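Biologist: I am new to this structure and would like to go through the terms used for it. Please show it first.

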Amino acid sequence: MTRTAQEPTRSRRHDHALRQGGGRGWSVAAVLVAGLVLMPVLSVVWLALNPTDNIWPHLLSSVMPRYFGNTVALAVGTGLLAAAMGTGAAWLVSMYDFPGRGVLQWLLLLPLAVPAYIGAYALADFLDYSGPVQIALRGWFGWETARDYWFPRIRSLEAAIVVLASALYPYVYLLTRAALHEQSGSAYEVARALGTGPWGLFARVGLPLARPAIVAGSAIAMMEAVADYGVVSYFGVQTLNTGIFTTWLERRNAGGAAQIACAMLAIIVLLSLWERFARRNARYHQSARQPRPIQRQRLRALPGVLATLACTLPFAMGFVLPVGVIATYALAYPQGWVSPGLMRAAWHTVSLGGIAAVLTVLMALIMVYGTRLSGRALPRLLMPVTTIGYAAPGAVLAVGLLIPLAALDHRVADGWLAVTGTDPGLILTGTGTAIVLAYLVRFFAIGQGAIDAAFTRVPPSLPMAARSLGRDNAGVLRAVYLPMMRGSVGAALLLVFVDCVKELPATLLLRPFNFETLATRTHERASLEDLGNAAPAALLVMAVGLAAVALLARTNLGGARRTKPPLA
């Protein structure tokens with residue numbers, strides 16, 4: 001029996017049990033939630049097709065080729081490098097036993113806790129002309145100026161690719177490692193018996209079987225690279241994302257920004273389709289017998305040391321270097337910890353992130369429950385579409401939210417002024433409301449995925465028994481589902497909150513005047529080369545990220561198969 005055959009059957013039993021109690025109101029609520037989540041994307045498309053001042057021909061003839069070329073190069077370079085780093089690390093920790101393997105399999109996840117833009121600040125500070133590396137080189141060789149020697153340019157497209165790949169390779173590592181552990185060790189034993197060496201095992205057996213997972217992880221890394229703003233703006237790389245900021249904030253042309261945003265959406269949609277296409281053959285089967293686990297081969301002497309170094313390098317680039325540089329500044333400039341702006345930024349971050357996390361999970365619960373209660377096609381059609389917000393860059397969602405919210409704000413203010421004679425100001429765009437909505441749309445897929453998976457794990461007989469005792473739909477949700485889904489709901493709240501803390505582009509575009517979060521404070525201080533005052537906020541962001549990584553590690557690696565490695 002295949003796992004893919006069992007899960008839909010159980011899901012159908014769930015949906016049938018839920019529909020026994022009706023639920024038209026829940027179905028309507030699900031459609032309304034879907035409309036709220038999809039509104040920014042639809043708004044961007046409408047603004048792009050109906051601009052006040054159509055500068056698209058000018059964009060095409062001037063900056064768009066450069067924006068588009070750099071964006072594609074950034075995405076492809078990041079995807080290839082992240083695939084190499086993540087796949088190599090996953091293969092080594094899954095197939096071999098070497099010094100430090102037990103610790104490294106966990107440490108390789110830690111770069112997920114470090115936003116890529118913090119890695120960019122650290123790399124530039126470490127390798128720039130005034131950084132410790134070049135200072136040491138000038139001291140060792142007696143060089144006096146930059147004209148006396150050659151050093152790679154740090155603020156460049158290539159450096160941006162390295163930084164992004166170092167931060168994003170864990171996506172490839174997680175998916176590839178899971179795919180390798182789901183494979184039977186028999187295939188590798190047969191290949192070894194036929195004389196296949198280590199490289200042949202990787203190229204002929206492991207790589208083809210794990211290819212869907214590798215492509216899926218690479219596609220996620222590429223989508224994150226397209227959506228990045230902090231790294232490319234700091235390194236001076238002009239991409240579609242920086243083009244949105246330039247066209248909107250400097251040229252004051254919302255229609256042109258929306259047109260660039262649509263170009264970004266097109267790239268994201270293509271990457272999403274590619275990822276789904278790569279997963280089309282990803283079917284995991286369980287045979288009647290327990291599959292034989294992969295027996296790790298023990299590496300000794302030089303091969304073991306090389307394997308340790310190969311797994312340590314991505315972890316060092318993605319975690320040790322950023323944390324080390326930022327922590328050094330935080331210790332060297334302790335006055336940054338007592339800055340009143342830091343505490344205010346921390347409060348804004350916690351309050352906005354907490355509100356957004358609660359609303360996101362609540363809306364996801366309504367969406368999933370309402371869809372399962374409904375027998376209609378519209379909610380079921382809309383539910384997977386609502387995940388597009390997670391793929392859409394924050395700058396795109398900001399464009400789609402700010403324009404309609406600003407128009408609504410002005411209408412509400414004019415109406416209130418006409419009735420009461422007082423001006424209420426900007427209620428939506430003048431407060432953190434717009435930021436919360438952007439977070440909700442951006443990370444709705446995380447809440448929806450966690451809630452949907454939790455529903456399928458509840459036995460269908462329990463809600464049926466509750467209904468037989470007179471419970472309505474809301475009562476079944478409170479008495480049966482929520483107590484059994486408590487862990488998944490908590491995990492969803494944490495993951496959404498952490499992503500809200502790290503989100504930069506949407507916060508930069510939507511925040512009110514003189515309003516800071518930890519992410520925007522870090523970006524602004526680092527952009528002014530003031531890493532001493534940026535360091536405390538950056539460390540707080542990374543500390544919050546570590547909580548999510550710990551949860552992810554417990555979920556994905558905690559149940560990994562542990563086998564005793566035989567002698568090679």
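Biologist: Why is C500 called buried?

Modeller: In this predicted model, C500 has a relative accessible area of 3%. Buried means under 20%, so C500 is buried.

Biologist: What makes C311 buried?

Modeller: The relative accessible area of C311 is 0%. That value is set against the limit of under 20%, so C311 counts as buried.

Biologist: How many disulfides does the model have?

Modeller: The count is zero. A pair of cysteine sulfur atoms has to lie within 2.5 Å to count as a disulfide.

Biologist: What share of the protein is buried?

Modeller: Buried residues make up 51% of the 568 residues.

Biologist: Why is L80 called exposed?

Modeller: Its relative accessibility is 60%. Exposed means over 50%, so L80 counts as exposed. L80 is part of helix α4, which covers residues 64–95.

Biologist: Why is P334 called partly exposed?

Modeller: P334 has 47% relative accessibility. Buried is under 20% and exposed is over 50%, with partly exposed in between, so P334 is partly exposed. P334 sits in the loop between α14 (301–332) and α15 (340–373). In sequence P334 and G532 are 198 residues apart, while their C-alpha atoms are 8.3 Å apart in space.

Biologist: What makes R155 and D128 a salt bridge?

Modeller: The distance from N to O between their side chains is 3.2 Å. The cut-off is within 4 Å, so the pair R155 and D128 counts as a salt bridge.

Biologist: Are R525 and E516 buried or exposed?

Modeller: Both R525 and E516 are buried. Their side chains meet in a salt bridge with an N to O distance of 3.0 Å. Through shared partners, salt bridges join R511, E516, R521, E524 and R525 into one network. The whole structure has eight salt bridges.

Biologist: What is the secondary structure of the protein?

Modeller: The protein has 26 helices and two strands.

Biologist: What is the mean pLDDT of the protein?

Modeller: The mean is 84, and 89% of the residues reach 70 or more. Residues 1–8 have pLDDT below 50, and beyond near neighbours in sequence this stretch has seven contacts in the model. Residues 559–568 also have pLDDT below 50, with 21 contacts beyond near neighbours in sequence. Where pLDDT is low, the predicted coordinates should not be read in detail.

How values were computed:
Residues are numbered from 1 along each chain as its sequence is written. This is a predicted model: local features need pLDDT of at least 70, side-chain atom pairs count only at pLDDT 80 or more; totals for chains, interfaces and linings use all residues. Side-chain values use heavy atoms; hydrogens and water are left out. Helices (H or I, at least four residues) and strands (E, at least two) are DSSP runs, numbered from the N terminus. Buried means under 20% relative accessible area, exposed over 50%, partly exposed in between (1.4 Å probe, protein chains only). pLDDT is the predictor's confidence in each residue, from 0 to 100. Contact means heavy atoms within 4.5 Å.
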